[in-house]
Amino acid sequence: MPVDVVAAALLEAATSGEPILHIAAPRTVPWATLFAPIATRLTLPLVPWADWLARVERSAERAGAGEHDAAHSLLAFFRSERMGGASV
């Protein structure tokens, strides 16, 4: 992104008077574009969103009282339209 565009966005955010701002890229990027290089670097498989979510759900079902994964706490969010419930 050109520096003048970033500077204008920062200036607008700083002077908006809003306590919370959500900044989004003008062009969305597919998840696979972001995570494929990470998966390659970590030698991990890149799985479709639905498969990953199903694995987290199964993990949460199997987790005992003393076991907990941070992703388990976010299952409702992952299922929401903003994430997993939407076409990702």
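Residues are numbered from 1 along each chain as its sequence is written, and side-chain values use heavy atoms, with hydrogens and water left out. Because the model is predicted, local features need a pLDDT of at least 70 and side-chain atom pairs count only at pLDDT 80 or more, whereas totals for chains, interfaces and linings use all residues.

Relative accessible area was used to class residues as buried (under 20%), exposed (over 50%) or partly exposed (in between), with a 1.4 Å probe and protein chains only. On this scale α1 is hardly covered, the count of buried residues among its 12 residues being 0.

Aromatic pairs were assigned to rings of Phe, Tyr and Trp (its six-membered ring) whose centres lie within 6.5 Å, with planes under 30 degrees apart counted as stacked, over 60 as edge-to-face and the rest as tilted. By this rule the count comes to 4 aromatic pairs. In one of them, the rings of Trp 49 and Phe 78 have centres 6.0 Å apart and planes at 85 degrees, so the pair is edge-to-face. This pair links distant parts of the chain, since Trp 49 belongs to helix α3 (residues 49-62) and Phe 78 to helix α5 (residues 75-79), 29 residues apart. Phe 78 also pairs with Phe 77 in a tilted arrangement, at 6.2 Å centre to centre and with 50 degrees between the planes. Phe 78 is buried, at 10% relative accessibility, whereas Phe 77 is partly exposed, at 32%. Ring pairs join Trp 49, Trp 52, Phe 77 and Phe 78 into a cluster.

Open space was examined on a 1 Å grid over the protein atoms alone, where a pocket is an open set of points that has protein on both sides within 12 Å along at least five of seven lines, a 1.4 Å probe is used, and lining residues have an atom within 4 Å of a point. Grid points are joined across faces, edges and corners, and a volume is the space filled by probe spheres set on the points. The largest pocket holds about 560 Å³ of space. Of its 16 lining residues, Phe 35, Leu 46, Val 47, Trp 49 and Trp 52 are the closest to its centre. The elements that give two or more residues to this lining are α2 (31-41) and α3, and α2 gives the most, with 5 residues. The lining of the largest pocket divides into 15 nonpolar residues, no polar residues and 1 charged residue.

The second largest pocket has a volume of about 220 Å³. Its lining is made up of Met 1, Val 5, Val 6, Ala 9, Leu 10, Ala 13, Ile 23, Ala 24, Ala 25 and Pro 26, which by class amounts to 10 nonpolar, no polar and no charged residues.

A search of the whole structure finds 1 salt bridge, defined as a side-chain nitrogen of Lys or Arg within 4 Å of a carboxyl oxygen of Asp or Glu. The salt bridge is formed by the side chains of Glu 57 and Arg 79, at 2.7 Å from N to O. Glu 57 lies in helix α3 and Arg 79 in helix α5, so the pair ties together parts that are 22 residues apart in sequence. Both partners are classed as partly exposed, Glu 57 at 23% and Arg 79 at 45%.

Helix α3 also contains Glu 61, which is exposed at 67% relative accessibility. Glu 61 and His 72 are 11 residues apart in sequence, and their C-alpha atoms are 9.2 Å apart in space. In the loop between α2 and α3 lies Thr 43, an exposed residue with a relative accessible area of 70%. Most residues other than glycine have a negative phi. The phi of Thr 43, however, is positive, near 50 degrees.

Technical notes: Helices (H or I, at least four residues) and strands (E, at least two) are DSSP runs, numbered from the N terminus. Ala, Val, Leu, Ile, Met, Phe, Trp, Tyr, Cys and Pro count as nonpolar, Asp, Glu, Lys and Arg as charged, and the others, Gly among them, as polar.
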